[in-house]
Amino acid sequence: SFQVESQTAWGESIVVVGGHEKLGSWNPETAFALKCEGTYPKWFGSISLPTDSEIEYKYVVKYNGGNRWEPFKGNRKLKTSGDIAAEDVFGLGPGDVHEGVKKSEPAAEPVKTPEPVKVAEPVVAPEPVKSPEPVKAPEPVKAPEPFKAPEPVKPVSSPVPAEPVPEVAPPAAEPTKKATKKKGTTTASA
């Protein structure tokens with residue numbers, strides 16, 4: 001049987017994935033799913049594995065859209081012999097060899113998972129805001145000069161007497177054409 005202590009969020013689950021077909025042959029989609037029924041944060045499950053062999057495994061947290069594997073190099077190892085149980089803490093124990101604990105014997109108290117250290121993102125100071133150049137007030141608009149009416153034109157008195165304008169006779173009228181009738185023909189004379 002497997003038992004792992006892990007803090008999970010609502011909707012997440014834990015599977016045991018490993019180098020045996022009953023553990024999904026390293027595929028989290030077909031791995032052995034653990035249960036957490038009234039034992040949170042402990043997840044558990046029992047499965048039959050071949051005896052007298054060493055099986056490598058890891059725990060994977062499954063969440064909507066992905067998988068979060070234990071973050072250490074190497075794999076856990078379980079030596080199967082008789083009725084054994086692997087009791088682990090998610091993320092601790094890289095390369096641990098679990099000899100297993102007989103179910104009839106009390107299991108050792110699992111190591112508490114330390115709270116993860118949250119590393120803050122580096123704070124980058126924003127570029128200083130450059131103050132705009134001061135706005136200069138526009139030059140004041142000068143009022144237009146008041147409108148002055150032009151001086152009235154004074155008649156100019158001329159010392160030279162005006163010459164009389166000669167009278168021009170109308171042009172002579174052109175002679176009118178008279179029509180005369182002759183027998184059979186009409187002729188016009190000027």
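The model is predicted. The protein has 11 strands and 0 helices, and 23% of its 190 residues are buried.

**Overall make-up**

- Read along the sequence, the pattern is β-β-β-β-β-β-β-β-β-β-β.
- The protein exposes about 15,700 Å², and carbon and sulfur atoms supply 59% of that area.
- Of the contacts between residues at least 6 apart in sequence, 48% join residues at least 24 apart.

- Strand β1, made of residues 2–5, pairs with β8 in the parallel sense over 4 bridges.
- Within this part of the structure, E5 has V89 in β8 as its bridge partner.

**Strand β5 and its partners**

- Strand β5 covers residues 53–63 and includes Y59.
- Strand β2 (residues 13–18) runs antiparallel to β5, and 6 bridges join the two.
- V17 stands opposite K58 in β5.
- β5 also pairs with β7 in the antiparallel sense, over 5 bridges.
- For Y57, the bridge partner in β7 is R76.
- Strand β6 (residues 66–69) is joined to β5 by 4 bridges, and these two strands run antiparallel.
- Y63 has G66 in β6 as its bridge partner.
- The hairpin of β5 and β6 has 2 residues between the strands, and G65 takes a positive phi near 100° there.
- In a regular strand the side chains alternate between the two faces of the sheet.

**Two buried residues**

- Y59 has a relative accessible area of 0%, so Y59 is buried.
- The side chain of Y59 makes a polar contact with the side chain of D88, at 2.6 Å.
- Y59 and F2 are 57 residues apart along the chain, and their C-alpha atoms are separated by 9.9 Å.
- T80 is found in strand β7, which spans residues 76–80.
- T80 counts as buried because its relative accessibility is 5%, and the cut-off for buried is under 20%.
- Leaving aside residues up to four places away in sequence, T80 touches L49, P50, T51, D52, S53 and I55.

**Salt bridges**

- Side chains of opposite charge can pair when their charged atoms come close.
- The count of salt bridges comes to 4.
- One of them joins the side chains of R68 and E12, at 3.6 Å from N to O.
- This pair links distant parts of the chain: R68 lies in strand β6 and E12 in the loop between β1 and β2, 56 residues apart.
- R68 is partly exposed, with a relative accessible area of 35%, whereas E12 is buried at 16%.
- Another salt bridge is formed by E29 and K62, whose closest N and O atoms are 3.1 Å apart.
- This pair also links distant parts of the chain, with E29 in the loop between β2 and β3 (32–33) and K62 in strand β5, 33 residues apart.
- E29 counts as exposed because its relative accessibility is 56%, while K62 is buried, with a relative accessible area of 17%.
- A further salt bridge is made by the side chains of D88 and R76, at 3.2 Å from N to O.
- D88 lies in strand β8 and R76 in strand β7, 12 residues apart, and the pair links distant parts of the chain.
- D88 counts as buried at 3% relative accessibility, and R76 counts as buried at 1%.
- Salt bridges that share partners join E70, R76 and D88 into one network.

**D88 and R76 in context**

- D88 has two side-chain partners described above: Y59 through a polar contact, and R76 through a salt bridge.
- R76 is also the bridge partner of Y57 in the pairing of β5 with β7.

Technical notes: Residues are numbered from 1 along each chain as its sequence is written. This is a predicted model: local features need pLDDT of at least 70, side-chain atom pairs count only at pLDDT 80 or more; totals for chains, interfaces and linings use all residues. Side-chain values use heavy atoms; hydrogens and water are left out. Two strands pair if DSSP finds at least two bridges between them. Buried means under 20% relative accessible area, exposed over 50%, partly exposed in between (1.4 Å probe, protein chains only). Contact means heavy atoms within 4.5 Å. Accessible areas come from the Shrake-Rupley method with a 1.4 Å probe; for residues, only the protein chains shown count as cover. A polar contact is a pair of N or O atoms within 3.5 Å; within protein, one must be able to donate a hydrogen and the other to accept it, and residues adjacent in sequence count only if both atoms are side-chain atoms.
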